[in-house]
Amino acid sequence: MMELKNADYEANEGRSRVREDYVPRPRALERIPHQNFIGTVVEIVSGDHIIIVADDSFKDSSEHEYEVLLSSISCPKSDGSGVEREVYAYEAKEFVRALLIGRQVHVELEYSRKHDIENIKTYHHGSVFLVTALDGQNVSELVVAEGLATVLKRDDVEVVSNYYDALCNAESSAILNKKGMHSGVDPLVMDIKDVSDATWQEAGNASNHIFLYLYDKYNKVPAVVESVIHTTNKNKIILFIQQYGETWRIAFSLDGVIWPRDEEPYAAEAFRLLRRTILQRRVEVELSTNHPIDYDGYFVGTLLLESNTHAAIPLLQAGLAKLAKKKGEYPKGAYRDELDKAPKLAKMEGEYPKGAYHDELNKAQKSARTKKLKMWENYVEPSYQCTGAMEGDN
């Protein structure tokens with residue numbers, strides 16, 4: 001059926017023979033012919049809204065970042081707060097996040113559509129396929145088959161996916177098997193304890209419920225990076241943690257790593273790479289034993305990616321971050337006296353702790369420094385090195 005519709009569309013657009021006088025009606029949708037690319041998924045906005053970066057520009061450019069809406073399907077949407085949301089919005093987004101984030105996909109762009117009232121912003125609609133899957137699974141089919149999306153009922157050829165018939169079959173199967181939205185049962189609403197804007201005292205109290213302190217260190221805790229926010233003095237990482245039967249949202253900062261701020265050179269590029277490296281990824285959190293919470297109420301420590309790689313290594317390798325120089329203690333200010341007295345909060349040692357990640361971090365920084373990349377472009381190798389200095393000092 002779709003082959004006949006596409007042939008009819010091509011004849012109209014090509015003004016072939018009896019269609020030479022064809023005049024298309026005005027529409028907000030335009031078919032995109034033969035635009036395919038391989039890319040890496042960097043963000044899931046909703047179950048049917050994916051942000052993909054073309055692989056040839058993944059590391060250092062945003063010029064080829066595509067917002068792709070999955071053709072001919074619609075998933076429940078959240079209002080952004082996570083509280084008043086459509087039923088199954090979280091489940092649809094989480095299903096696609098777990099399936100796609102950080103993975104390579106093949107994208108077939110099918111049509112574009114102007115979505116706002118003034119028709120200023122244009123979105124690309126298309127079908128997305130898993131590159132590594134043996135059978136090249138269509139993501140839209142998978143979402144629909146789980147009962148987490150509905151197929152849009154369209155008769156006009158310009159607005160449907162090239163795989164519309166398969167989508168309809170997947171939806172019929174989901175209805176028959178009472179999957180997801182077709183089950184008649186609403187999912188449980190999570191009670192999220194949000195301490196992402198907490199004081200250091202509130203964050204300290206929450207830490208006792210999230211992180212177990214045993215044998216002079218904190219246990220590693222699994223989390224998902226919900227968002228990365230650029231602030232004036234640090235990059236704020238929001239983590240979503242489910243631990244001991246409770247769900248938490250916390251603010252987090254990487255320990256011992258600094259990057260350009262505000263209007264400094266490479267600030268935007270560093271933030272973009274950090275975001276693309278960790279956003280919506282599943283990570284492990286390891287709190288610093290010296291200063292697990294800072295004076296802004298941020299949890300401080302290490303993030304490990306699924307490959308057991310320290311999250312800062314890609315930035316250090318690109319010359320977009322440095323290891324912090326030696327510091328004596330917390331900055332002077334309104335909270336300094338309280339912090340010094342607070343339990344479990346120690347003065348900063350200044351050097352990234354020697355251990356499992358020390359060598360890897362210093363090796364990554366040394367590589368960028370030798371090549372004089374980005375932040376190291378004006379670096380001059382000292383003629384001597386003081387005893388006890390960090391490898392990150394310059």
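This is a predicted model: local features need pLDDT of at least 70, side-chain atom pairs count only at pLDDT 80 or more; totals for chains, interfaces and linings use all residues.
Contact here means heavy atoms within 4.5 Å. Residues are numbered from 1 along each chain as its sequence is written, and side-chain values use heavy atoms, with hydrogens and water left out.

Buried means under 20% relative accessible area, exposed means over 50%, and partly exposed lies in between (1.4 Å probe, protein chains only). Helices (H or I, at least four residues) and strands (E, at least two) are DSSP runs, numbered from the N terminus.

## Asn235 in strand 12

Asn235 belongs to strand 12 (residues 235-243). With a relative accessible area of 2%, Asn235 is buried. Leaving aside neighbours within four places in sequence, Asn235 is in contact with Ile229, His230, Phe252, Trp259, Phe271 and Leu274.

The side chains of Asn235 and His230 are joined by a polar contact of 2.9 Å. Such a contact is a pair of N or O atoms within 3.5 Å; within protein, one must be able to donate a hydrogen and the other to accept it, and residues adjacent in sequence count only if both atoms are side-chain atoms. Asn235 and Leu254 are 19 residues apart along the chain, and their C-alpha atoms are separated by 8.6 Å.

## Aromatic rings

Six aromatic pairs are found in a search of the whole structure. Rings of Phe, Tyr and Trp (its six-membered ring) pair if their centres lie within 6.5 Å; planes under 30 degrees apart count as stacked, over 60 as edge-to-face and the rest as tilted. The rings of Tyr90 and Phe240 have centres 6.4 Å apart and planes at 45°, so this pair is tilted. It links distant parts of the chain, with Tyr90 in helix 2 (residues 89-100) and Phe240 in strand 12, 150 residues apart. Tyr90 is partly exposed at 29% relative accessible area, whereas Phe240 is buried at 10%.

Lys322 lies over the face of Trp376, at 4.3 Å from the ring centre. Arg369 also lies over the face of Trp376, at 5.8 Å from the ring centre. A charge sits over a ring if NZ of Lys or CZ of Arg is within 6 Å of the ring centre and within 35 degrees of the ring normal.

## Positive phi angles

Tyr215 is not a glycine, yet has a positive phi of about 55°. Tyr215 lies in the loop between strand 9 (213-214) and strand 10 (217-218) and is exposed, at 74% relative accessibility.

Lys372, also not a glycine, has a positive phi of about 55°. Lys372 is found in the segment after helix 9 (358-371) and is partly exposed, with a relative accessible area of 44%.
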